[in-house]
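Please open the model in your viewer and keep the sequence panel at hand.

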Amino acid sequence: MVATYDTKTDYKVIGNSPIRHDGVDKVTGRAIYGGDVKAPGLIWGDVLRSPHAHARIKSIDTSAAEAMDGVFAVLTHGDFPQTDDKTIDAGEGTVNLRRGQSNVMADKKVHYKGHVVAAVAAVDRNTAQVAAQAIKVEYEVLPAISDVDAAMAEGAPQILDGLVGDHLGESVENTNVARVFRHEFGNVDDAFANSDLVIERTVSMSMVHQGYIEPHNATAIWGQDDNLTVWSSTQGSFGVRSQVAGLLHHPESKIKVNYVEIGGGFGGKTVVYLAPIAALLSRKAGGRPVKLVMDRSSVFEATGPAPGGKIRMKIGVNKDGKIQAADTDLMLEAGGFPGSAVGAAAICVFACYNLPVSRITGYDVLVNKPKSAAYRAPGSPQASFAIETVIDEICDELGFDKIQFRLDNAAHEGTRRGDGVQFIRVGLEECLVAAKESDHWNSPLGDAPAGKKRGRGIASAYWMNGGGKSTCDLMLQDDGTVMLNEGSADIGGTRTSIAMQAAEVLGIPVEDFHPSIPDTESIGFTGVTGGSRTTYTTGLAAYNAAQKLVVELKSRVADLWETEASNVEFADGVFSANGDSIGIQELAGKLDPTGGPATATASVNLAEAGNAYGVQICDLEVDLETGKTDVVRYTAIQDVGKAVHPQYAEGQIQGGVVQGLGWALNEEYFITDDGAMANRSFLDYRMPTSLDMPMIDTIMVEVPNPLHPYGVRGIGEVPICPPLSAAAQAIKEAVGKPFYELPVKPGRILEAQND
Amino acid sequence: MTTNSPSKVHVTTTINGQQHELLVPPYMSLLDTLRELIGLTGTKEGCLDGNCGACTVSVDGRIVDSCLVLGAEVNGKNVNTVEGMATPEGLHPLQQAFLEEAALQCGICTPGFLVAAKGLLDNEPSPSEGRIRHWLAGNLCRCTGYDKIVRAVQKAID
């Protein structure tokens with residue numbers, strides 16, 4: 001049973017924007033991030049990475065490194081315990097332990113350039129670097145496979161030894177396609193035959209990186225009693241614990257993961273890379289604390305990217321403006337091991353539309369690039385680019401208003417999503433209406449200066465949001481303040497958005513809360529900060545804990561006043577019964593005779609999350625001589641359910657938009673013929689800077705999520721999706737040519753003009 | 001470089017108004033000198049090649065990427081980091097404005113942005129939006145999309 005709520009509307013705390021509790025720490029340099037961890041006797045680790053994108057390891061000679069002064073330990077894949085093919089949950093996606101081990105440190109083959117082959121621990125960072133480079137590896141170099149076409153070609157060399165693909169239920173050997181799956185409703189061929197217009201296009205996009213500013217890091221101490229202590233920049237301490245436990249065959253109860261602040265993740269810090277290496281190095285170095293920090297080129301070459309790939313999209317429509325059917329093939333790059341975001345892409349691809357007939361076929365394709373990881377609404381941006389590109393062409397072709405067409409075909413409560421799930425109350429229509437009525441949509445584009453042209457694009461997108469497991473503890477203090485412990489890594493102000501929900505229940509000012517995020521020994525299991533789940537799920541845990549605390553306090557009040565708890569009322573922070581009343585903060589100091597400290601804890605495991613929709617409008621200007629684009633105006637409309645902390649809610653939307661614009665206009669993995677990433681620095685992998693972007697306007701629509709007492713929906717991910725198509729359609733309008741390949745970089749714009 | 005590398009360099013420098021006498025390995029960046037030798041970890045490592053600005057500090061009033069400066073180079077100079085911005089009287093107006101405008105999410109780039117923005121406002125009392133965006137273009141933020149950072153700097157001007 002899924003609980004649903006009648007949302008309240010009169011709030012005292014929710015909907016305000018208090019200063020975040022960890023704010024002063026973060027503007028004064030006092031906050032401790034993973035790289036800032038110190039421990040007595042700390043030594044440094046470093047790794048040796050493969051210079052080849054695809055090769056068999058013939059031999060590894062570690063003798064020179066081992067003989068070096070100041071070296072304490074050297075590690076290769078053989079030092080890892082044997083694992084089997086067990087699959088565990090890693091928060092946003094799953095990890096097959098045997099392949100996970102091979103990704104952390106290569107076994108017999110390297111699957112991408114930058115794949116870790118060996119590691120060392122030494123007295124300082126420089127010595128560790130020199131020692132790692134002294135390890136000699138002999139490779140048999142194999143042809144590098146860099147895109148889905150090459151990977152799926154007849155006779156392509158197999159990247160993962162022994163992979164047996166699951167192709168629509170059939171076992172297929174000697175393949176790079178780990179999985180083919182399908183969601184199908186109705187007969188698409190018949191529906192296309194009966195459509196007035198059918199448009200089919202194939203779009204493609206490059207791999208892109210999450211681009212968090214803080215590189216991966218880990219520090220570990222493997223005690224002589226086999227108690228393992230870990231610090232690591234992560235979206236979820238419990239995810240680190242379960243992965244380290246699985247990869248190293250070590251009991252979870254003997255692993256303590258300390259919370260450290262995280263310098264951005266966007267999905268890319270749900271997977272472990274360095275923590276198991278630090279742990280094994282520490283064990284080999286006699287329990288010395290070992291720290292590793294990844295360099296930036298390795299972050300690009302060996303962690304996290306979002307899949308590139310190819311998407312075929314076919315849509316049939318009638319002249320009355322109703323979509324008849326849609327059919328898509330989603331081919332996404334998993335990277336060097338199985339597991340791209342294609343499953344989520346399939347859920348999202350048609351979710352903005354009410355389709356009577358649809359077919360979705362997904363392909364999870366291995367290529368010799370880093371194993372892809374979650375990146376903000378994983379799979380949905382790519383899918384949104386594909387469908388919105390074709391929808392835009394349909395509107396152009398048949399002269400439909402681009403918002404009205406979307407309204408006429410919009411998904412709403414009861415609509416069947418492409419994978420068969422029926423929607424509860426969702427807010428896409430409200431977003432489209434808000435877009436239609438927006439100042440931006442109703443303002444002229446304005447004139448471009450000489451030599452430039454302007455265009456406007458609009459696109460919509462969907463993300464299902466996440467639920468899962470979270471825990472929150474509340475401890476009312478004698479002075480009426482509240483200690484709040486919760487397990488969610490705080491990447492964007494969630495200590496405060498979670499505390500606000502408990503504050504709303506208790507009628508205590510949120511400034512009187514001290515929210516903190518303890519280590520894995522000191523709080524119940526809480527999933528990763530990802531999937532737009534944190535303010536919704538951990539917030540609900542805080543709400544439930546606060547409700548439990550109210551129940552507890554009612555019985556304490558009943559004790560004090562010698563009455564029955566059922567006679568005690570609680571409203572707006574005040575307990576009352578039989579004409580007596582007392583404020584909750586005053587009560588806090590009078591609890592000793594009633595049994596001492598009042599605490600409450602709540603854990604939740606939410607199966608559903610309530611869905612998010614966004615619609616965005618992009619005006620940009622194209623320099624016809626250079627192909628350079630400048631976004632001149634941008635409006636992001638989103639159903640946020642209820643904005644708990646409007647400033648940080650808006651910040652999530654603005655940040656997502658700018659990441660999406662980077663993806664649309666500029667960012668890509670530029671892969672050489674031998675499979676290397678040529679642009680592996682922030683200079684060459686050019687993310688948007690402050691100079692590239694205008695202010696990002698937002699319109700927050702609030703259609704309450706029926707699954708949350710305050711109507712909260714996850715908000716962080718969906719805003720990254722629409723910019724890919726919104727920007728591409730704006731460029732199409734400006735230069736009069738469509739673009740089917742991302743990024744729409746200056747060179748592509750110039751080429752299109754010269755065609 | 002190994003532990004057997006050339007002898008350390010004697011450096012006398014003023015960091016956030018306090019004089020320090022240090023023995024710095026000749027290869028050690030100012031970033032690592034601050035973080036590892038002094039223990040001032042407010043200055044962050046993002047890329048180690050001068051492209052993200054997370055390690056921005058001020059040296060004799062000029063902002064630099066401390067990963068591109070050697071610790072040995074700051075002998076006799078005045079270094080200011082994010083830890084030196086607040087005073088016993090309170091936060092610097094930029095720090096306060098970043099809090100009030102929600103100009104940080106994960107916070108890893110924040111120290112660099114604050115030091116860089118201070119470098120601007122110390123010399124130009126009322127820069128335009130375009131000037132602020134140009135000045136801060138050497139500092140990458142992946143969370144905010146820059147909107148609230150620019151607004152916070154504008155607020156600190158007022």
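What share of the contacts in chain A with a separation of 6 or more comes from residues 24 or more positions apart? Select chain A of this predicted model: such residues account for 79% of those contacts.

With chain A still selected, display the secondary structure, which comprises 19 helices and 31 strands. The radius of gyration is 27 Å, close to the 27 Å that the globule rule gives for 755 residues, so chain A is as compact as a globular protein of that length. Its C-alpha trace spans about 85 × 75 × 55 Å along the principal axes. Colouring by burial will show that 65% of the 755 residues in chain A are buried.

Next, select A:I277 and B:F98, the two residues that touch the most other members of the largest nonpolar core, a set of 194 residues. Helix α17 of chain A (residues 646-665) supplies the largest share of this core, with nine residues. Apart from it lies another core of 49 residues, including A:Y11, A:F570, A:A609 and A:V644.

Return to B:F98 and show its surroundings. Leaving aside residues up to four places away in sequence, B:F98 touches A:V27 in chain A and, in chain B, B:A103, B:L104, B:T110, B:F113, B:L114, B:I149, B:A152 and B:V153.

Finally, select residues 81-154 of chain B, which an unreviewed UniProt entry lists as "domain: [2Fe-2S]-binding". This span is 50% helix and 0% strand, and its end C-alpha atoms lie 21 Å apart.

Methods. Residues numbered from 1 in each chain as written. Chains lettered and ligands numbered in written order. Predicted model: local features only at pLDDT ≥ 70, side-chain atom pairs only at ≥ 80, totals over all residues. Heavy atoms only, no water. Core = buried A, V, L, I, M, F, W, Y, C linked by side-chain atoms within 4.5 Å. Buried < 20%, exposed > 50% of the residue type's maximum accessible area, 1.4 Å probe, protein only. Helix = DSSP H or I, 4+ residues; strand = E, 2+ residues; numbered from the N terminus. Contact = heavy atoms within 4.5 Å. UniProt positions renumbered as here; feature names shortened; annotations may be inferred. Rg over C-alpha atoms; globule rule 2.2 N^0.38 Å.
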